[in-house]
Amino acid sequence: MNIAPEVHRFFMPTDVRCGRGVLAALEESSRFAKRPAILCGKQAARKHGHLDAVLTYLPNALILEGVPENPTFSDAESYVAPCRDEQVDLLIALGGGSVMDVAKALALCIPNEGRCRDFVDQLPPNMPLPVIAIPTTAGTGSEVTPYAVLVDEIENKKVTLRSPDLFPRMALLDPALTVSMPPEVTCATALDALSQAMEGMVSRKATPTGNLLALECCRAVRKYLPQALKRPDDLVAREGLLYAAMLSGMVIAQSGTTLVHGMGYYYTLQCGVAHGVANALLLPPLFWWNAHLVPEKTDLLAQALGCRAGGVVAEAPRRVAKVLYQFYDEIGFKPGAGDHGVPENALAAMATDIIGEPYRFKNQLGQFSLEQVSALFQASWTGNLGDLDDISGPRSE
């Protein structure tokens with residue numbers, strides 16, 4: 001792979017520890033702070049014994065349960081007062097991406113005056129509290145990113161809080177904590193990791209280091225997701241998926257995501273489609289698009305997903321989409337958004353709305369017309385690239 005001549009940066013300050021028994025590192029948390037709080041979801045952490053495992057090392061921690069999926073600003077802010085009352089100075093995020101998002105938002109809000117929305121476009125004066133991330137799903141990679149994604153309930157859209165100081169101080173990846181994931185969650189979260197890696201590699205902010213990690217992530221998801229779905233208690237497969245998710249987080253921490261995420265948010269917020277599923281539904285048509293612009297990169301991604309080397313450049317758009325559809329078929333994932341509850345009559349409004357949101361396109365290659373975005377949504381809805389035959393692909397930039 002050619003290394004770009006321009007200057008690039010790769011910043012990753014999180015102490016990552018991966019493997020069985022890494023929760024013992026919590027004994028070192030006294031280096032960071034004295035009064036920890038453990039943040040987790042509604043039931044799973046307690047039901048599956050994950051909370052008890054953390055309490056073994058932090059028996060006096062404040063317990064904050066009930067974080068929902070797709071948390072809002074208000075959800076995050078509801079925990080601020082209890083944390084301030086208890087003088088919390090360390091946040092332990094035990095759960096999936098939503099829990100880690102809320103923990104990071106709390107880290108910003110507790111030591112600063114103001115509300116979450118006040119920190120969307122500006123950094124607060126005081127440093128955020130330290131966060132230790134303990135993922136119990138394998139997908140978002142939020143344990144190694146400086147982002148907190150929350151829903152602005154007033155405008156009903158997802159908004160990202162970001163700061164270099166929001167990288168978790170430590171990430172503890174124990175595959176035993178992910179065995180309890182049901183198959184549909186295992187699949188959705190792994191596809192989220194796959195999407196992040198693929199998007200990061202074709203982002204306008206892609207880095208040479210991130211590209212290598214993205215390809216490794218794709219190889220890991222391709223290898224370990226089928227194994228984890230067939231044998232849920234396979235710790236080798238579970239660790240492989242945690243590793244992949246962490247790599248995907250490292251990629252997007254530098255490059256951000258692209259229009260796959262931007263379009264996928266509509267499926268999630270308007271139709272209740274799981275985040276990773278929404279992204280996966282958009283990967284084939286969007287990478288049909290990306291392959292017109294960066295065929296060499298997309299061909300490397302196709303190879304990482306199982307294609308043989310040596311494809312013809314002109315065939316790159318169909319090649320990368322074909323290998324995705326083949327992978328989906330192997331894992332029993334239906335590729336059409338219509339099969340996941342997205343109504344076809346909602347697509348036109350989604351396309352019109354996102355065209356008016358230039359923020360969603362900032363990392364995405366190419367210039368889009370409303371007709372092209374509509375066709376991409378339609379191809380995602382049917383799970384068939386034939387819906388793109390009547391539109392022109394993008395021109396090389």
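**A buried tyrosine, its aromatic neighbours and an enclosed strand**

Tyr 328 has a relative accessibility of 1% and so counts as buried (buried means under 20% relative accessible area, exposed over 50%, partly exposed in between, with a 1.4 Å probe and protein chains only). The model is a predicted one, in which local features need pLDDT of at least 70 and side-chain atom pairs count only at pLDDT 80 or more, while totals for chains, interfaces and linings use all residues. Residues are numbered from 1 along each chain as its sequence is written, and side-chain values use heavy atoms, with hydrogens and water left out.

On to the rings. There are 5 aromatic pairs in the structure; rings of Phe, Tyr and Trp (its six-membered ring) pair if their centres lie within 6.5 Å, with planes under 30 degrees apart counted as stacked, over 60 as edge-to-face and the rest as tilted. One of the pairs is Trp 289 with Phe 368, which is stacked because the centres are 4.0 Å apart and the planes at 15°. This pair brings together distant parts of the chain, 79 residues apart: Trp 289 belongs to helix α10 (residues 275–293), and Phe 368 to the loop between α13 (347–355) and α14 (370–382). Helices (H or I, at least four residues) and strands (E, at least two) are DSSP runs, numbered from the N terminus. Trp 289 is buried, at a relative accessible area of 0%, and Phe 368 counts as buried too, at 16%. Tyr 328 pairs with Phe 333 edge-to-face, since their ring centres are 4.9 Å apart and their planes at 70°. Phe 333 is also buried, at 7% relative accessibility. Ring pairs also tie Trp 289, Phe 361 and Phe 368 into a cluster.

Then there is strand β5 (residues 131–135), where 5 of the 5 residues are buried, so the strand is largely enclosed by the rest of the structure. Val 131, Ala 133 and Pro 135 are buried on one side, and Ile 132 and Ile 134 on the other, so both faces are covered. β5 pairs with strand β4 (residues 90–95) in the parallel sense over 5 bridges; two strands pair if DSSP finds at least two bridges between them. Between β4 and β5 the chain passes through helix α5 (residues 97–109), making a right-handed β-α-β crossover (with the strands pointing away from the viewer, the path from the first strand over the helix to the second runs clockwise). Strand β8 (residues 170–173) also runs parallel to β5, joined by 2 bridges. Ala 133 of β5 stands opposite Ala 93 and opposite Ala 171 in β8.
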